[in-house]
2 protein chains.
Amino acid sequence: MNKKITINEIAKSANVSKTTVSRFLNKKYENMSEATKTKIEETIKSYGYQPNRQAQTLKTNSSLTIGISVADLSNLYTSRLLKGISQAVLDTNYQLLIMDADNHIERELSNLQMLLNENVDGIILQPLSHLPAQYQLLTERNLPVIQVDRYVEPFTFPAVVSDNFQKSLEIADLIQAKSYEQVIVIANKISGISSRMNRFDGLSNALFDTSIAVTLIEIDLDDAWQTHLTSLIQKNIRSAIFALNGQVLWEVVRYLQTKHIQYPDDVGLIGYDDDNFADLIQPGISVIKQEPLQIGQSAADQLLSNLQNNAPLSIENMRIPATIELRESI
Amino acid sequence: MNKKITINEIAKSANVSKTTVSRFLNKKYENMSEATKTKIEETIKSYGYQPNRQAQTLKTNSSLTIGISVADLSNLYTSRLLKGISQAVLDTNYQLLIMDADNHIERELSNLQMLLNENVDGIILQPLSHLPAQYQLLTERNLPVIQVDRYVEPFTFPAVVSDNFQKSLEIADLIQAKSYEQVIVIANKISGISSRMNRFDGLSNALFDTSIAVTLIEIDLDDAWQTHLTSLIQKNIRSAIFALNGQVLWEVVRYLQTKHIQYPDDVGLIGYDDDNFADLIQPGISVIKQEPLQIGQSAADQLLSNLQNNAPLSIENMRIPATIELRESI
DNA sequence: GTGAAAGCGCTAACAA
DNA sequence: TTGTTAGCGCTTTCAC
């Protein structure tokens with residue numbers, strides 16, 4: 001059991017006080033002779049000394065830790081988001097405390113409470129709720145918070161998200177250009193999730209003045225969604241499906257395959273591809289690709305420059321453009 | 001700026017010493033009157049008091065934190081592994097400090113160093129190196145460590161992995177039964193990664209006494225892997241491809257698609273599907289599916305029972321069976 | 001240019 | 001059944 005060495009050992013061995021060692025650790029070289037500086041540097045190296053983070057935190061009240069709360073840990077969108085954050089933090093002193101809400105709102109709350117207990121210096125939040133009340137404990141603490149992927153309304157914290165509304169306008173154009181007469185939007189429960197709502201609203205708004213009908217099917221609220229989908233498609237009008245996220249898109253593809261419903265012949269198909277898999281499937285599916293890595297990176301960069309240089313947090317939404325990749329399906 | 005309340009405020013307000021409050025916090029009720037117990041409980045609740053973790057850690061030298069080092073954060077295998085760990089930790093006091101080595105061995109080392117600095121109580125490690133030297137800093141500290149997915153040899157820490165060798169034996173049987181004359185194994189660099197080596201060795205061993213040739217192509221070491229693959233396939237013998245992980249499988253499928261090489265007609269195909277996508281692709285691809293969630297959970301459970309109850313860590317490998325799903329491709 | 005001493009919020013002997 | 005006291009490893013004020 002390797003005895004942990006502390007600042008005291010270093011101070012003793014370097015023949016200086018621990019104050020001086022502490023100054024060295026915190027790079028306060030202004031009033032330090034080159035001699036002591038190098039002496040301390042050498043002893044630290046020779047002992048392989050590493051300061052105790054908890055002790056530092058206890059005193060300074062800054063843990064050099066960024067808390068992250070994600071909605072659901074196990075999907076590729078989240079992984080890439082985390083990768084982006086992780087890259088941004090790489091060359092800093094900050095570390096990441098990642099918590100998974102597993103899509104349970106009570107769990108998100110308890111996770112946030114835990115992050116506060118750990119005295120994290122800032123939080124990157126993919127909110128599960130759209131109600132500011134859920135995040136009151138964060139506002140109270142006056143802690144820097146950045147939202148990713150989604151945001152709470154009224155707007156409480158800055159957010160970095162995809163250009164969901166804008167992309168849906170473009171999809172609407174596409175649907176009109178291809179003379180579809182009906183769009184079936186398939187999603188998980190959209191209420192309260194800004195990204196999903198923006199995707200839906202963008203489409204609805206753009207098609208409001210047209211004769212194109214927009215129908216929403218929320219597959220986790222509707223046990224008979226497959227039946228509904230089939231009956232909608234079988235109407236004698238040109239229909240297109242818009243799947244609001246990757247998971248849902250694959251569900252739809254699976255269903256169409258089993259029912260031998262062909263796209264684009266029987267129905268047009270477009271959706272979000274968060275897994276980079278669309279190009280593997282035949283016939284090719286037109287998709288929208290987001291940039292979660294960049295979203296994570298931007299969010300972390302903003303938070304870091306607030307923490308490190310006291311840069312103010314932007315009050316606005318930052319929108320990272322997604323890309324539409326057209327294939328045969330629509 | 002909400003003034004943080006401490007154990008002192010609670011003690012004062014409850015008219016007891018902070019020792020007593022501390023006893024309460026640590027559930028040492030043996031010698032505590034019901035009266036003081038409830039009094040403390042109430043004051044804590046009314047103040048919304050939460051003890052400072054850093055102070056506790058500083059004193060007890062136990063951070064109630066489990067460090068995790070993964071090879072690469074952004075793939076579904078890892079996500080599901082983390083989900084499993086996260087679930088196991090859910091109802092405990094432990095938290096997770098997750099670090100991504102991003103497949104860089106120096107980064108893994110510095111991550112582990114950081115985890116040690118944070119005084120993590122134990123580590124779950126998906127090792128990048130097979131050399132125990134890389135992990136000497138862990139052995140020195142006498143810290144409980146559990147490996148997942150892969151392991152270091154000679155065996156240093158317990159490990160929870162898939163039954164890679166065994167599954168390859170079954171694949172070998174399949175290949176013989178289907179009268180293939182050649183197997184082309186496609187992988188990322190296998191040297192030093194136990195999971196990949198076991199998958200390859202299982203197959204080689206099983207086919208050693210047969211006339212079936214086994215060739216290995218490591219796509220990240222071989223710029224011309226596509227050409228090599230094509231030339232091997234074009235020989236006038238029945239060939240099968242075995243892709244050693246999900247990523248590689250999709251690369252191969254993409255390549256076969258662009259070259260219009262048909263499976264199972266031109267070449268048999270089987271591989272690991274870490275993304276649960278194989279059923280979406282036509283023609284159907286036979287795959288091996290791992291249980292990363294269960295691997296993560298088992299690893300975390302073992303570590304937790306060591307930390308919480310001092311249960312000894314098993315010295316052996318724990319193998320979680322994967323499943324073979326047969327479709328048309330082989 | 002450097003050091004002594006106090007204290008961050010908590011736990012754990014030891015004492016009562 | 002409860003309290004006094006010292007101290008975990010560090011930072012910071014103030015003094016020299």
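Which residues come nearest to DNA strand C? In this predicted model, they are Ser17(A), Thr6(B), Ile7(B), Ser22(B) and Asn52(B). The largest share comes from α4(B), with 5 residues. By class, the surface near DNA strand C holds 8 nonpolar, 13 polar and 4 charged residues.

DNA strand D is surrounded by 26 residues. The closest are Thr6(A), Ile7(A), Ser22(A), Asn52(A) and Ala55(A). Four helices each supply at least two residues here: α2 (18-25) and α4 (53-60) of chain A, and α2 (18-25) and α4 (53-60) of chain B. The surface near DNA strand D is made up of 8 nonpolar, 13 polar and 5 charged residues.

The two protein chains were then compared. Two copies of a chain are related by a rotation about an axis and a shift along it. For chain B on chain A, the rotation is 180 degrees and the shift along the axis is 0.0 Å, with an RMSD of 0.1 Å. This is the relation of a two-fold axis. Both copies use the same surface, and 100% of the contact residues of chain B recur in chain A.

The contact between the chains takes 38 residues from chain B and 39 residues from chain A. On chain B, the elements that each supply at least two residues are α4, α5 (76-89), β2 (95-100), α6 (105-117), α7 (136-141) and α11 (246-258). Helix α5(B) gives the largest share of this side, 7 residues. The side of chain B that touches chain A divides into 15 nonpolar, 14 polar and 9 charged residues.

Helix α4 also pairs across the two chains. The axes of α4(A) and α4(B) come within 8 Å and cross at roughly 140 degrees. At that angle, α4(A) is oblique to α4(B). The crossing of α4(A) and α4(B) is left-handed. Gln54(A), Ala55(A), Thr57(A) and Leu58(A) make the contact from α4(A), and Gln54(B), Ala55(B), Thr57(B) and Leu58(B) make it from α4(B). The residues of this contact are 4 nonpolar and 4 polar, with no charged. Ala55(A) is also among the residues closest to DNA strand D.

Helix packing within single chains was examined next. In chain B, α2(B) and helix α3 (residues 34-47) pack at an angle of about 85 degrees, with their axes 10 Å apart. The two helices α2(B) and α3(B) are therefore roughly perpendicular to each other. Thr20(B), Val21(B) and Phe24(B) in α2(B) meet Thr36(B), Lys37(B) and Ile40(B) in α3(B). By class, this contact has 3 nonpolar, 2 polar and 1 charged residues.

In chain A, helix α8 (residues 164-177) and helix α9 (residues 194-207) have axes that come within 7 Å and cross at roughly 35 degrees. The crossing of α8(A) and α9(A) is right-handed. Helix α8(A) makes the contact through Asn164(A), Phe165(A), Gln166(A), Lys167(A), Ser168(A), Leu169(A), Ile171(A) and Ala172(A). Helix α9(A) contributes Ser195(A), Asn198(A), Arg199(A), Asp201(A), Gly202(A), Leu203(A), Ala206(A) and Leu207(A). The contact of α8(A) with α9(A) divides into 7 nonpolar, 6 polar and 3 charged residues.

Most residues other than glycine have a negative phi, and most peptide bonds are trans. The peptide bond from Glu153(B) to Pro154(B) is cis, with omega near -5 degrees. Pro154(B) lies in the loop between β4 (145-148) and β5 (159-162) of chain B. A cis peptide bond also joins Gln282(B) and Pro283(B), where omega is about -10 degrees. The loop between β9 (268-272) and β10 (286-289) of chain B holds Pro283(B). Asn61(B) has a positive phi, near 65 degrees, and is a residue other than glycine. Asn61(B) sits in the loop between α4 and β1 (65-70) of chain B.

Notes: Residues are numbered from 1 along each chain as its sequence is written. Chains are lettered from A and ligands numbered from 1 in the order in which they are written. This is a predicted model: local features need pLDDT of at least 70, side-chain atom pairs count only at pLDDT 80 or more; totals for chains, interfaces and linings use all residues. A residue is near a molecule or strand if its C-beta atom, placed from the backbone, lies within 6 Å of it. Ala, Val, Leu, Ile, Met, Phe, Trp, Tyr, Cys and Pro count as nonpolar, Asp, Glu, Lys and Arg as charged, and the others, Gly among them, as polar. Copies are superposed by least squares on the C-alpha atoms of residues with pLDDT of at least 70 in both. Two residues are in contact if their C-beta atoms, placed from the backbone, lie within 7 Å. Axes are lines fitted to C-alpha atoms, for helices over the stretch in contact, and angles run from 0 to 180 degrees between N-to-C directions. Angles under 35 degrees count as roughly parallel, over 145 as roughly antiparallel, 65 to 115 as roughly perpendicular and the rest as oblique. A crossing is left-handed if the near helix is turned anticlockwise from the far one by less than a right angle, and right-handed if clockwise.
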